[in-house]
Amino acid sequence: SVLINGPRRPRATPSTWPHLAGEIVNYMSSRLIALVALALLGASAEPDAAIIAKARALAKSQDVAGATSLLESVVGDGKAEALMLLGNIATYMKSDQAAGVAYYQRSLEVGERWDTHYFLGKAFSAQKQWREAAAALGAALKMQPANLHTMSELAAAWLQVGETEAREEMGDLEERDPHDPHPIMLLGRAAAQAQNSELALEALRHTTERHPWLAPPMAELAGL
């Protein structure tokens, strides 16, 4: 009955066959299109890490356009790293520090990375924007406190801002960890490179007095 089995579908007759065939073709076509779309989507869904690895290899081989194209295609969790690498391409391969800064800042908006802060600081230093450089390098050092390259760049940036600021900022770093000889030693090294002999002598003597077992500051002090 209708109540139990539901309404019966009308039987196909020769006159309805063309219409029925058209429905079947349309259904099969839509299914085929959906399957093809899914296959293409699966083929293009390459992990961000794999895309970034390919882009790094292309950049090393000086294929700037190819590396850039791959990095710009990253839209997932690797977006922050991709933008940072685009900043490196702009800064170091195209000598466009302003574009590099823009990429680094976009990267930090997506996700914070110590190396992005570091490269941002380096790019600001190249433009002689010393306070901005010091702020970025300081942020990098907070995320990786034992990174001596960052600490050295930070000392040099603060010294460019001013000797007073350099003494205060690097002194604060020393106070946070009195057992670490590097903040003042690296300030002395930066001062020596800037031909500020008075500050270099003072910083290196301070380091040798507090850390008499450490050879490098003694050797640098002897060479001044």
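**View 1. Glu163, Arg167 and Glu202 joined in a network of salt bridges.** In this predicted model, the residues Glu163, Arg167 and Glu202 are linked to one another through a network of salt bridges.

**View 2. The salt bridge between Arg189 and Glu220.** Here Arg189 forms a salt bridge with Glu220, and the closest N and O atoms of the two residues are 2.4 Å apart. This pair links distant parts of the chain, since Arg189 sits in helix 11 (residues 182-193) while Glu220 sits in helix 13 (residues 215-222), 31 residues apart. Arg189 has a relative accessibility of 29% and therefore counts as partly exposed, and Glu220, at 23% relative accessibility, also counts as partly exposed.

**View 3. The salt bridge between Lys54 and Glu46.** The side chains of Lys54 and Glu46 come together in a salt bridge, with a distance of 2.9 Å from N to O. Lys54 is partly exposed, its relative accessible area being 45%, whereas Glu46 has a relative accessibility of 30% and so counts as partly exposed as well. Side chains of opposite charge can pair when their charged atoms come close. Taking the whole model, the count of salt bridges comes to nine.

**View 4. An aromatic cluster formed by Tyr92, Tyr104, Trp114, Tyr118 and Phe119.** Five residues, namely Tyr92, Tyr104, Trp114, Tyr118 and Phe119, form one aromatic cluster, and the count of aromatic pairs in the model comes to four. One of these pairs is made by Tyr92 and Phe119, whose ring centres lie 6.2 Å apart and whose planes stand at 70°, so that the pair is edge-to-face. Because Tyr92 lies in helix 5 (residues 79-93) and Phe119 in helix 7 (residues 114-126), this pair ties together parts that are 27 residues apart in sequence. Tyr92 is partly exposed, with a relative accessible area of 45%, whereas Phe119 is buried, with a relative accessible area of 19%.

**View 5. The rings of Tyr118 and Phe119.** The ring of Phe119 also pairs with the ring of Tyr118: the two centres are 5.6 Å apart and the planes stand at 70°, so this pair too is edge-to-face. Tyr118 and Phe119 are both buried, and both of them take part in the aromatic cluster that also includes Tyr92, Tyr104 and Trp114.

**View 6. Thr68 and its contacts with Leu86 and Ile89.** Thr68 lies in helix 4, which runs over residues 64-72. The relative accessibility of Thr68 is 12%, and because buried means under 20% relative accessible area, Thr68 counts as buried. Leaving aside residues up to four places away in sequence, Thr68 touches Leu86 and Ile89.

Definitions and conventions:
Residues numbered from 1 in each chain as written. Predicted model: local features only at pLDDT ≥ 70, side-chain atom pairs only at ≥ 80, totals over all residues. Heavy atoms only, no water. Helix = DSSP H or I, 4+ residues; strand = E, 2+ residues; numbered from the N terminus. Buried < 20%, exposed > 50% of the residue type's maximum accessible area, 1.4 Å probe, protein only. Contact = heavy atoms within 4.5 Å. Phe/Tyr/Trp six-rings, centres within 6.5 Å; stacked < 30°, edge-to-face > 60°. Salt bridge = Lys/Arg side-chain N within 4 Å of Asp/Glu carboxyl O.
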